[in-house]
Amino acid sequence: GKDGGREGRLKWSKRAEQQLRGELNLIARNNCQAEMKGFADCAKENGLMVVFSCRQQNAAMNACLNRYTNDEEFEKYRLMRSKEIEEKGADAPKPPSEIIHFSTRE
């Protein structure tokens, strides 16, 4: 038999998936502002030496962003959003601005 999970994944168009990834990236950026600012400030102070001087800040920023945008978090978010769409139909609105503060983490 066919994998039921695969069937569900195929129902999502590439465009819908891109939109969800965009929403999740917005959530990540909102939740990682301190790390992003740390890297940006370091980059401003170090100019062309940013690659060498800001490794720690860059690693912290990327680790934070990845906590929200990895495949496991995307799947949780996709399931949550698909439930909303099922409840509201195909014309489900884009998520409200509060979704930016959403976290799949408990």
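**Close-up 1. Helices α2 and α5 cross in the predicted model.** The two axes come within 9 Å and cross at roughly 140 degrees. That angle makes α2 oblique to α5. The crossing of α2 and α5 is right-handed. From α2, the contact draws on Arg-21, Leu-24, Asn-25, Ile-27, Ala-28, Arg-29 and Asn-31. From α5, Cys-64, Leu-65, Tyr-68 and Thr-69 take part. By class, this contact of α2 with α5 holds 6 nonpolar, 3 polar and 2 charged residues.

**Close-up 2. Helix α3 packs against helix α5.** Helix α3 spans residues 33-46, and helix α5 spans residues 55-69. Their axes lie 8 Å apart, at an angle of about 155 degrees. Because angles over 145 degrees count as roughly antiparallel, α3 is roughly antiparallel to α5. The crossing of α3 and α5 is left-handed. On the α3 side, the contact residues are Glu-35, Met-36, Gly-38, Phe-39 and Cys-42. They meet Gln-57, Asn-58, Ala-60, Met-61, Cys-64, Leu-65 and Arg-67 on the α5 side. The contact of α3 with α5 divides into 7 nonpolar, 3 polar and 2 charged residues.

**Close-up 3. Helix α2 packs against helix α3.** Helix α2 covers residues 14-31. The axes of α2 and α3 are 5 Å apart, and the angle is about 70 degrees. Because 65 to 115 degrees counts as roughly perpendicular, α2 is roughly perpendicular to α3. Arg-29, Asn-30 and Asn-31 form the α2 side of the contact. Gln-33, Glu-35 and Met-36 form the α3 side. The residues of this contact of α2 with α3 comprise 1 nonpolar, 3 polar and 2 charged.

**Close-up 4. Arg-21 sits over the ring of Phe-74.** The charged end of Arg-21 lies 3.8 Å from the centre of the Phe-74 ring. For pairs of rings, the count comes to 0 aromatic pairs.

Notes: Residues are numbered from 1 along each chain as its sequence is written. This is a predicted model: local features need pLDDT of at least 70, side-chain atom pairs count only at pLDDT 80 or more; totals for chains, interfaces and linings use all residues. Side-chain values use heavy atoms; hydrogens and water are left out. Axes are lines fitted to C-alpha atoms, for helices over the stretch in contact, and angles run from 0 to 180 degrees between N-to-C directions. Helices (H or I, at least four residues) and strands (E, at least two) are DSSP runs, numbered from the N terminus. Angles under 35 degrees count as roughly parallel, over 145 as roughly antiparallel, 65 to 115 as roughly perpendicular and the rest as oblique. A crossing is left-handed if the near helix is turned anticlockwise from the far one by less than a right angle, and right-handed if clockwise. Contact means heavy atoms within 4.5 Å. Ala, Val, Leu, Ile, Met, Phe, Trp, Tyr, Cys and Pro count as nonpolar, Asp, Glu, Lys and Arg as charged, and the others, Gly among them, as polar. Rings of Phe, Tyr and Trp (its six-membered ring) pair if their centres lie within 6.5 Å; planes under 30 degrees apart count as stacked, over 60 as edge-to-face and the rest as tilted. A charge sits over a ring if NZ of Lys or CZ of Arg is within 6 Å of the ring centre and within 35 degrees of the ring normal.
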